[in-house]
Amino acid sequence: MRVLGLETSCDDTGVAIYDSKKGLLGHGLASQALIHAPFGGVVPELASRDHVRKTLPLIQAIMADGDTQASDIDGVAYTVGPGLVGALLVGAAIGRALAYAWQIPGIGIHHLEGHLLSPMLEPKPPAFPFLALLVSGGHTALADIRGPGRYTILGESLDDAAGEAFDKTAKLLGLGYPGGPAIARVARGGTPGRFHFPRPMTDKPGLNFSFSGLKTAVANAVKGRDLDEQTVADIACSFQQAAIETLTIKCARALDETGHERLVVVGGVSANTLLRDRVSEMAQQKGVREYYPRLEFSTDNGAMIAYAGYLRLVAGQRDTFSFGVRARWEIDSLEPIT
Ligand code: KG4
Ligand code: ZN
């Protein structure tokens with residue numbers, strides 16, 4: 001089975017073709033980083049308009065690259081939530097229209113299911129069940145993954161997501177958008193220990209997160225201070241350490257509580273190499289095996305949507321001609337894939 005996957009939930013247009021026998025036949029991404037950078041964050045209307053401009057040409061390019069004809073495609077998968085409604089509508093409308101035109105099934109995919117399953121595209125995918133640490137720009141969660149479509153959230157952020165904390169801190173430091181990669185880059189030149197920021201909620205039991213206090217601590221450190229290059233690097237370095245240590249501590253606690261022997265770390269922040277290093281050390285100490293998507297599939301992409309779509313379509317699931325998108329959508333409520 002060959003599935004075309006479309007991802008347009010936020011500021012990246014992602015397109016991929018997944019073949020159940022050959023794996024990924026092609027994938028591509030049109031990033032909107034330069035469009036949103038002058039505004040310091042994603043401008044929803046500009047995101048929708050760029051998805052309108054980019055999605056169809058990218059589909060054509062990926063099909064040409066993989067030498068795929070329309071008649072070779074057996075199904076279309078498109079992200080229908082959670083995300084920006086206007087942006088989601090572009091991918092969902094194009095996906096549904098192609099499914100209708102090509103007379104093939106189409107299915108709407110939960111964006112976070114795409115992230116959770118992204119390590120399945122790697123040469124050595126994890127076996128089920130496993131614990132997932134999902135860290136993206138919109139979500140931070142620890143989840144019990146019992147099988148495809150069977151997800152239970154064990155803990156999540158009560159306020160800002162981890163990626164959001166990176167983005168807001170970068171903005172405070174004048175590092176621009178997107179913030180995560182910028183913080184990681186300048187933090188390399190920082191002096192650890194010059195600033196100390198809290199590790200929120202690590203002293204309380206439970207698996208929930210809170211990152212707004214960390215952001216406030218950074219804002220207080222920045223206030224009235226001359227932000228010379230070294231100070232920016234020092235603050236970025238201490239912030240990154242605090243955020244990553246918090247994630248690692250909660251992840252270790254979830255492994256202890258669940259007894260899982262496999263851990264996957266997914267979502268945009270999983271592209272952070274310090275996070276990967278810290279989580280690796282922790283997992284190795286516990287004898288737990290860790291799995292990550294390749295770096296380019298940590299952040300948003302069409303491949304994870306094509307793969308999740310393949311699993312659902314091959315199980316006989318499909319959407320009707322009418323479709324809707326959802327800004328918010330609980331992942332626990334998904335139909336299991338049998
Ligand atoms: O998964 P993703 O591409 O989009 C959402 O579903 O939200 O995640 C984007 C987030 C942004 O907040 C971005 O700053 C963060 O991932 N990010 C990083 C890194 N690369 C991307 N955060 C920390 N370090 C990175 N290297
Ligand atoms: Zn994402």
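Glutamine 103 is exposed, with a relative accessible area of 64%; exposed means over 50% relative accessible area, buried under 20% and partly exposed in between (1.4 Å probe, protein chains only). Glutamine 103 sits in the loop between α3 and β5 (106-110), and its phi is positive, about 55 degrees, although it is not a glycine. This is a predicted model, in which local features need pLDDT of at least 70, side-chain atom pairs count only at pLDDT 80 or more, and totals for chains, interfaces and linings use all residues. Residues are numbered from 1 along each chain as its sequence is written, chains are lettered from A and ligands numbered from 1 in the order in which they are written, and side-chain values use heavy atoms, with hydrogens and water left out.

**Zinc site**

- The zinc ion (ligand 2) has His111 (NE2), His115 (NE2) and Asp300 (OD) as its protein donors, at 2.0 to 2.1 Å.
- Donors are N, O and S atoms within 2.8 Å of the metal (3.2 Å for Na, K and Ca); water is not among the atoms, so sites may look incomplete.
- Along the sequence, the donor residues of the zinc ion (ligand 2) follow the spacing H-x3-H-x184-D.
- Histidine 111 belongs to helix α4 (residues 111-117) and aspartate 300 to the loop between β10 (289-291) and α10 (303-314), so the pair ties together parts that are 189 residues apart in sequence.
- Helices (H or I, at least four residues) and strands (E, at least two) are DSSP runs, numbered from the N terminus.
- Histidine 111 and aspartate 300 are both buried.

**Surroundings of ligand 1**

- There are 17 residues around ligand 1, and Gly137, Asp167, Gly180, Asn272 and Asp300 come nearest; a residue is near a molecule or strand if one of its heavy atoms lies within 4 Å of it.
- An oxygen atom of ligand 1 lies 3.0 Å from an N or O atom in the histidine 111 side chain.
- A polar backbone atom of glycine 163 is 3.1 Å from an oxygen atom of ligand 1.
- A nitrogen atom of ligand 1 is 3.0 Å from an N or O atom in the side chain of asparagine 272.
- Taken alone, ligand 1 exposes 560 Å², and the protein buries 87% of that; accessible areas come from the Shrake-Rupley method with a 1.4 Å probe, and for residues only the protein chains shown count as cover.
- Two or more residues of the shell around ligand 1 come from each of α4, α5 (162-172) and α6 (179-187).
- Of the elements, α5 gives the most to the shell around ligand 1, with three residues.
- The shell around ligand 1 is made up of four nonpolar, 11 polar and two charged residues.
- Ala, Val, Leu, Ile, Met, Phe, Trp, Tyr, Cys and Pro count as nonpolar, Asp, Glu, Lys and Arg as charged, and the others, Gly among them, as polar.
- Domain 1 (2-117 + 297-333) and domain 2 (129-292) each give at least three residues to the shell around ligand 1; the domain bounds come from an automatic or database domain assignment.

**Buried side chains and their contacts**

- Serine 9 lies in the loop between β1 (2-7) and β2 (12-19) and counts as buried, at 2% relative accessibility.
- The serine 9 side chain makes polar contacts with the side chains of glutamate 7 (2.6 Å) and histidine 111 (3.4 Å).
- A polar contact is a pair of N or O atoms within 3.5 Å; within protein, one must be able to donate a hydrogen and the other to accept it, and residues adjacent in sequence count only if both atoms are side-chain atoms.
- Arginine 199, in the loop between α6 and α7, counts as buried at 18% relative accessibility, and its side chain makes a polar contact of 3.2 Å with the side chain of glutamate 245.
- Methionine 282 is in helix α9 (residues 273-286) and is buried, with a relative accessible area of 8%.

**Backbone features**

- Most residues other than glycine have a negative phi, and most peptide bonds are trans.
- Methionine 201 has a positive phi, near 65 degrees; this residue is in the loop between α6 and α7 (212-222) and is buried, with a relative accessible area of 18%.
- The peptide bond from glycine 81 to proline 82 is cis, with omega near -15 degrees, and proline 82 is in the loop between β4 (75-81) and α3 (85-101).
- Tyrosine 177 and proline 178 are also joined by a cis peptide bond, with omega about -5 degrees; proline 178 is in the loop between α5 and α6.
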